[in-house]
Amino acid sequence: MGKFTPLIFSIALSACAQLPAFEPLKGESAARVTVSSWLLPLLRDIKSTQLLLCDVETPRQACNLERIGLDATGVGGVFLPLVVSLPLVEVKASRASLQVDINGIDATCTAGSIRPNTNHTLVEINNVYCNWLVVGNVVSNLKLSFDWDDPASGTFGGRYQIRFIGTGNGSGSGIYSAKVHS
């Protein structure tokens, strides 16, 4: 039993990763109307569209190569710290494929379903299975709120939340900016 104690302890500890409270930014409700007219149809289109995502410090901050990727952290295996980056989402016909980088190594992920909420203030991308280095298997979920947008430049943003559970567990949240990059 003593040999398995570190393994059991690391699994129990990593399972404690909590998803922070998700509260969209206030004061930018006009984005709901325009997002419904230009962005949501792109998510349902049968033609593939790529979304470049950036973790930013303030709303409407430009998405650039220095800030590329949404961030999450966690613990995997026997206390292996995980640093996760999600720089790109490819959407097609209400499905999303995530490009995920874990500790500097690409993970292989399946496509997940895209589900907007009823008032078009956020979308959820659910049940994305990712495999990393053969032994790392997680199911990921991503929430993106729509707090601002600029249809002319193909940009939008708000708050994000990432959660992954499996052989590695963790989460991340913050403010994001995105650009349609097709």
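1. Cys 54 is buried, its relative accessible area being 0%, and it is joined by a disulfide to Cys 63, with an S to S distance of 1.9 Å. In this predicted model, the torsion about the S-S bond of Cys 54 and Cys 63 is about 70°, so the disulfide is right-handed.

2. The other link to consider is that of Cys 109 and Cys 130, which form a disulfide with their sulfur atoms 2.1 Å apart. This pair connects distant parts of the chain, since Cys 109 belongs to strand 5 (residues 105-109) and Cys 130 to strand 7 (residues 122-132), 21 residues apart. The link of Cys 109 and Cys 130 is right-handed, with 110° about the S-S bond. Cys 130 has a relative accessibility of 2% and therefore counts as buried, the cut-off for that class being under 20% relative accessible area.

3. Taken over the protein, the count comes to 2 disulfides, and, with bonded cysteines counted along the chain, they follow the pattern 1-2, 3-4.

4. As to the overall arrangement, the protein has 2 helices and 11 strands, and read along the sequence the pattern is α-α-β-β-β-β-β-β-β-β-β-β-β. Of the 182 residues in the protein, 43% are buried.

5. A search of the whole structure finds 2 cavities of 30 Å³ or more, and the largest cavity has a volume of about 120 Å³. Among the residues that line the largest cavity are Val 84, Leu 86, Leu 98, Val 100, Ile 102, Ile 162 and Phe 164, together with Cys 130, the cysteine that forms a disulfide with Cys 109. The elements that give two or more residues to the lining of the largest cavity are strand 3, strand 4 (95-102), strand 8 and strand 10 (155-166). Strand 8 provides the largest share of this lining, with 4 residues.

6. Turning to the open spaces, the largest pocket has a volume of about 180 Å³. It is lined by 14 residues, of which Gly 76, Trp 132, Gly 136, Thr 167 and Gly 168 are the closest to its centre. The elements that give two or more residues to the lining of the largest pocket are strand 3 (80-92), strand 7 and strand 8.

Notes: Residues are numbered from 1 along each chain as its sequence is written. This is a predicted model: local features need pLDDT of at least 70, side-chain atom pairs count only at pLDDT 80 or more; totals for chains, interfaces and linings use all residues. Side-chain values use heavy atoms; hydrogens and water are left out. A disulfide is a pair of cysteine sulfur atoms within 2.5 Å. Buried means under 20% relative accessible area, exposed over 50%, partly exposed in between (1.4 Å probe, protein chains only). On a 1 Å grid over the protein atoms alone, a cavity is a set of points where a 1.4 Å probe fits but cannot get out, and a pocket is an open set with protein on both sides within 12 Å along at least five of seven lines; lining residues have an atom within 4 Å of a point. Grid points are joined across faces, edges and corners, and a volume is the space filled by probe spheres set on the points.
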